[in-house]
Each structure stands twice: as structure tokens, then as C-alpha cells.
Amino acid sequence: MSAPTGGEVTVRQCVVRVVRRGGWSWGPDPRGLVQRVLDALPELLAARFDGLLDGDGPDVEITEPVRLSVRLSAAGRGGSGLVPSGLVLETVAAGGGTPSESIPLPVPVVLPARSSPSDGGGEVSEFGPGTPEKPPSPTVAALFEELAAREELVALLALLPEETVRRYLSALLAESAAERAAFMAGEPEGSFVAEELPGPAVVLAAELARRRSLAWPPSTRADFAGLLLGSPAGAETAPVDATASVTESSRPAGETRVGSVLPFLLAGPLARTGYLDAIGPALSGVDLAAATPLFAAALAYKVLGAPQRGWRRTPADDLAAATFAGLQSVPDLTAFAGEAGPALPVLDGVLALSLCRGHDRADPLLITGVDDGLLLVDAQGLFPIAWTSTVDELVPHWAACGRPPVLVRDSPLPASGLRDLAAAGVRFITDARPLRDDPLTRLRWPTPLWTTGGVEPRLATSLSAERLDELARTLFVEHRAVPLAADRALEHSVSLAAALALGMIAWQLWEGDSPVRALTTFADLEATVRFTRDAVRVKIPLGRRHTDLWRGGALTDVPDVVWLDGRTLTFSGG
């Protein structure tokens, strides 16, 4: 600082260090900590230099930009969010200071706006019989408006099947009943005015018209109404009655000892990618808003023990899944798996975009055949991007990643898989022996490899064959979430979500390792879970694994968990 001249003190460098003591959590609103530090800075400076100046006290003015130096648990290469790990947070005025070292994570981090829980300043009181008052249900419009604000709505729609776009267009109009009634009340042959549609419905309607090769905007209201009636006969079925079973099985206050904390560890990574906030709106768009705990239970089963005899669960796994979902017991998920199908492409698309927008097009992608389909994986970190049943469905995800080179693993691929990939313009190298009509050439390489051309042979070293096979076998085949369901859409969806979350944990702790390592390392880490009115508190035994999770930033609070009635999920050690 400069010497006081003319009654002024100029501070050239100011560092505020916030150190947490007496616990492992930053509290219910960790994002607000930065703003509270900035708000308190003028008073702290005034108190520091009050004795050097005469008069009634100094007027503090911050004239230089403020740079934040935050020790990170994740930083997206293409994203915009930062997640404090809970060690040290500094604010450094421009002109000095060295940022804390960060751990680069090839998954962009999204921190959408949330309504923060109230902070009463003390221990949250227990609640009596019944459940706390539920927050307003998240809406489809809110989800799509947020995607539109991030300029990702069009990219998401490109990944969705036509029927899903139509279903959610109908859901958007149903949420805005007054606007829809006013819009449709006009003469059928009256002029169509796109601006009269609510929110992002215009974008969905335009995409639906493009898929059907119809003119946009339509000339009359009747033409627009036809877009909403284009589903195949019998495509929609009555929604499952999940409300009663979920409400009656809600978990009351109290403590529960679970044999595996792993399901709870998935929440933080999924929240940072925006996936967690999409679950409620996606399910509400198909009339399953009350069934979010069932989706959470399926997600939990994916990282718990593999079913015995192909379908039987252990009591410990049932208890862990029920506790994670906020239920006393988990009902049969088979019916829910069939009814949730229309919502899953939206969730899968949100997850895929979180990876695609941060992917470096110079880095290769991996493709392997699993469960009668194709699994697209980011080679860096083995983050699964999408599972599709055909090459045509996989190509939009590859395009969203910047059309990078691809390494195709010798695995149960579709008969025409290599030929279809080449026809779609995908440049790839494969160790799968091509068929006679496949347009591939043999590479001069120590091991048999074939290529379409346009790919550096050295990229073949990026094909982690054993780890990729282990990922597909463990999370997509052995660990079944709903083993008796005929429709495996929910199975594949929660496999993608669990594998991404496990991959993010593995990257934070052991940069570059496989998601399976996180699964095997923390599968038997026990925890005590306590439900209060506003929070679900997870206490993990102190030890090496707890220390690794804490240092890696995997134990940050997760506010507004939709299947826990908006409670905050917190972690502590002890």
C-alpha cells in the first residue's frame, strides 16, 4: 500500500483468505460465499486503516477489477462454471497474486441459477410426521428456456427423436394452458402468428416442421394444430400411477446406516453438468413428475452390487437405493422403466451436450458395441457420451463433438456398422476385421488395423481396449438397474449418467483413470444418512478414502435435489 497522503490510502494488493473451521461443509449456500466476501471487504479495509486517517472514517472505493482465485474441484475447458473444493478461497485485486492450482476436467461445469435454501444459522430442526412442504415442481418451460439462454436448445433438439420433440411441444403448450386456449380459440383458418406461442415452443415447433418437411411458419392455425397430432397410433400410453406408491413410501426423519455411499457421490458431478436439474422437468413433461424418486432408485442400483441370478438384490443394496431415493422401500421399477421412455432422450441429450461442448475435436472418440447397440465414449477419461441402437442415431452426437477422428473397438457391432459409419463421413480406425463390402484399407501396423483414411495411425495408441471393454461390461451389462424390464431405455440412460459421474470422480482423484476404478474403490464405503426438514446429511467414516474425496472436491453440498423434495444433500466426516 502507499503512504497516506491527502487523507487517502491506496491498497495495491489485497488478499482475503476464507478458511473453514469446525466442519466439512461450506453451509447451505456455498455459491453465496464469494459475494459475502466482496460485500464485507469495504468494512474490513475501513477497520484496518481507520487509525491512519482523521475524521469520521474512510470512504472505501474498490477501483481495480477483482480477480477470484479459487481452488477448484472441476473446471470445464469449454464451460463457464467453477466449483470450490472447500480448502481455500481467495479474492485478489488486479496487480498481484498467483491463482491456486486447478485440476483440469474435460467436462464443462454448469451452475444454473437455483433458489438457495434458507440459512437459519443453526442446526436444522427435525420434522415430525409427514414430509416437508414440497417446492414448486420444475417445469418443462423452465428447462428449455434455460437451454435457450445458454444457446443449447437447438443443439439438444438435434439429438432428440421426432416423437420426443412432439411430446415436449405438447407439454409446453399444456403448461401454458391460458396461452394455448387463447391461441387455439381463433378461427381454424385464421392466420398463424408464431409470436403468440409461449416461450421456446416456437423453436420446438420449427424443428418438428423441419423433420416433417413442412413449411415454417405454417399459414393457418389448423396447419399448426396438425403438428401436434402426428404421433403414430398407440404411441402414447397412460402414465404409470407412481404418485401413491412414492408418497406412501417417503422416508421419515432419522438416521440410516447404508453399506455404500456411492449413490450419494453421483449427485455432485451430475449437478455440475446440469443433469440433476433436468430430471424433474424431463419427467414432468411426460406426466411423471411424482416419480423422480423411482428414477433416483434406478440410478442408485446402477452403482450398487450386480443383481444375483440376474435379478435378485441384496437387502443392503435395497436399503441403500431406498435411502438415496428418499423412500422407505423401492417398489418394482419395471413399469416405470416402460413409462419413462419418452423423457429419457432429453436427459441423455443434456448429458451428451455437457461432454460435446467441451470436447477438443483433435481428441479421438471411441465406439464399441454393447447391449445390441453402439456406445460412444470420450477417449480422455472414458466418459460415455451416448448409447444408440443405430449408426444414424449416433452420427449427430459425433457431429456435436466437432466431427473428430474415431477409434472403433472390435466388439459386437451391427453387421453393417463399419460401412454405415464410413457412409456417414466418419473417419475412423478399427481393429475389427471388415466385411468384403466395407470401404476400409489395411494399415501397416504391428497389430491388424483398418481405416477409412484421414486418420493418423498414431491415434490407435489412444484405444484403451481393456479399459473400454471393462467399462462396457461392468456398467452396461453386469450392473443392471432394472433387470426385468423389456424396454432397456432406462437401463441405458442411467448407465450413461452413472458412468459420467463416476468418470468425473475418477478424474478429480486420479486424473485419466477409468470410471470403473471409482466404482470399485468406493462401493463398500459405508455412511450414515440423516434426514431433516431441509437437508439430507451424509456422514462418511474418516480415513484415506474420505480424505481423497474431500481433497478432490467430491464432497461439496448439492442443493435442491428434486427427488428429496428440494432438500440440500450435505457431506461430513466422522
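**Note on the predicted model**

1. Contact range. In the protein chain, take the contacts between residues at least 6 apart in sequence: 71% of them join residues at least 24 apart. The model is predicted.

2. Make-up of the chain. The protein chain holds 21 helices and 15 strands. It has 574 residues, and buried residues make up 51% of them.

3. Surface. The protein chain has an accessible surface of about 25500 Å². Carbon and sulfur atoms account for 50% of that surface.

4. Helix 4, length. This helix covers residues 162-175, 14 residues in total. From its first C-alpha to its last, helix 4 reaches 20 Å. That is close to the 20 Å expected at 1.5 Å a residue.

5. Helix 4, burial. Which residues of helix 4 are buried? They are Thr164, Val165, Arg166, Arg167, Tyr168, Leu169, Ala171, Leu172 and Leu173. Two arginines, Arg166 and Arg167, are on that list. In an α-helix, residues three or four places apart point the same way, because there are 3.6 residues a turn.

6. Serine 213. Its phi is near 55°, a positive value in a residue other than glycine. Serine 213 sits in the loop between helix 6 (201-211) and helix 7 (221-227). Is serine 213 buried or exposed? Its relative accessibility is 68%, so serine 213 counts as exposed; the cut-off for exposed is over 50%.

7. Aspartate 560. Here too phi is positive, near 55°, and the residue is other than glycine. Aspartate 560 lies in strand 14, residues 558-561. Serine 213, by contrast, is in a loop.

Notes. Residues are numbered from 1 along each chain as its sequence is written. This is a predicted model: local features need pLDDT of at least 70, side-chain atom pairs count only at pLDDT 80 or more; totals for chains, interfaces and linings use all residues. Side-chain values use heavy atoms; hydrogens and water are left out. Helices (H or I, at least four residues) and strands (E, at least two) are DSSP runs, numbered from the N terminus. Buried means under 20% relative accessible area, exposed over 50%, partly exposed in between (1.4 Å probe, protein chains only). Contact means heavy atoms within 4.5 Å. Accessible areas come from the Shrake-Rupley method with a 1.4 Å probe; for residues, only the protein chains shown count as cover. The expected span of a helix is 1.5 Å times one less than its number of residues.
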